Amino acid sequence: TYETYIKVNANKALDIDAQRIIAELSQARSLTIGSKNASQWGVHFASTSVTLFEGTTYTEGASGNAVASLNPAVEVSSVSLLGGGTDIVFQRLSGATSATGTVMVSYVASSSINRTITIYGTGVADVQ
């Protein structure tokens, strides 16, 4: 049926974007551990995109930012990080982060179809 098709599509879009977010977090952590540009790196969450940024603070429009847009049917519906905010910054050498918590991505047309990404203190993230 059409509804089944929509649900399959929604789940596929969510899986792809959840993995994209995990990849961005992993990239920021790797760049930090590798001390690229002798800097820390982080990820900023917005409702329709995630941004890889250099430094300890996200600056909108900075030249080094790498913005990854989400599927138009997917949105970041909630960000619940220790200390608040919408940024995760990794610590040099260890790759750890104090911004532990969860990020939920949802299907725009039905928020009950979603994925939760958990960020651990080690800086590693996974998705449920």
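This is a predicted model: local features need pLDDT of at least 70, side-chain atom pairs count only at pLDDT 80 or more; totals for chains, interfaces and linings use all residues.

Q: Which residues touch the most other members of the largest nonpolar core?
A: Ile 21, Leu 25, Phe 45, Ile 88, Ile 117 and Ile 119 do, out of 29 residues in that core.

Q: And which element gives the largest share of this core?
A: That's α1, with nine residues. Elements that each supply at least two include β1, β2, β4, β6 and β7.

Q: What does Ile 119 touch?
A: Leaving out residues up to four places away in sequence, its contacts include Leu 25, Leu 81, Ile 88, Val 103 and Val 124.

Q: Back to α1: how many residues does it have, and how far does it reach?
A: It has 32 residues and reaches 46 Å from first C-alpha to last, close to the 46 Å expected. After α1 comes Ser 35, with a positive phi near 50 degrees.

Q: Switching topic, how many salt bridges are there?
A: The count is two. In one, Arg 115 meets Asp 15 at 2.7 Å, N to O. That pair links strand β7 to helix α1, 100 residues apart.

Q: Are those two buried or partly exposed?
A: Arg 115 counts as buried because its relative accessibility is 14%, while Asp 15 is partly exposed at 39%.

Q: What about the other pair, where does that lie?
A: Asp 17 and Arg 20 both lie in α1, three residues apart, about one turn of the helix. Their side chains meet at 2.8 Å, N to O. Asp 17 is buried at 1% relative accessibility, and Arg 20 is partly exposed at 30%.

Methods. Residues are numbered from 1 along each chain as its sequence is written. Side-chain values use heavy atoms; hydrogens and water are left out. A nonpolar core is a set of buried Ala, Val, Leu, Ile, Met, Phe, Trp, Tyr and Cys residues joined through side-chain atoms within 4.5 Å. Buried means under 20% relative accessible area, exposed over 50%, partly exposed in between (1.4 Å probe, protein chains only). Helices (H or I, at least four residues) and strands (E, at least two) are DSSP runs, numbered from the N terminus. Contact means heavy atoms within 4.5 Å. The expected span of a helix is 1.5 Å times one less than its number of residues. A salt bridge is a side-chain nitrogen of Lys or Arg within 4 Å of a carboxyl oxygen of Asp or Glu.
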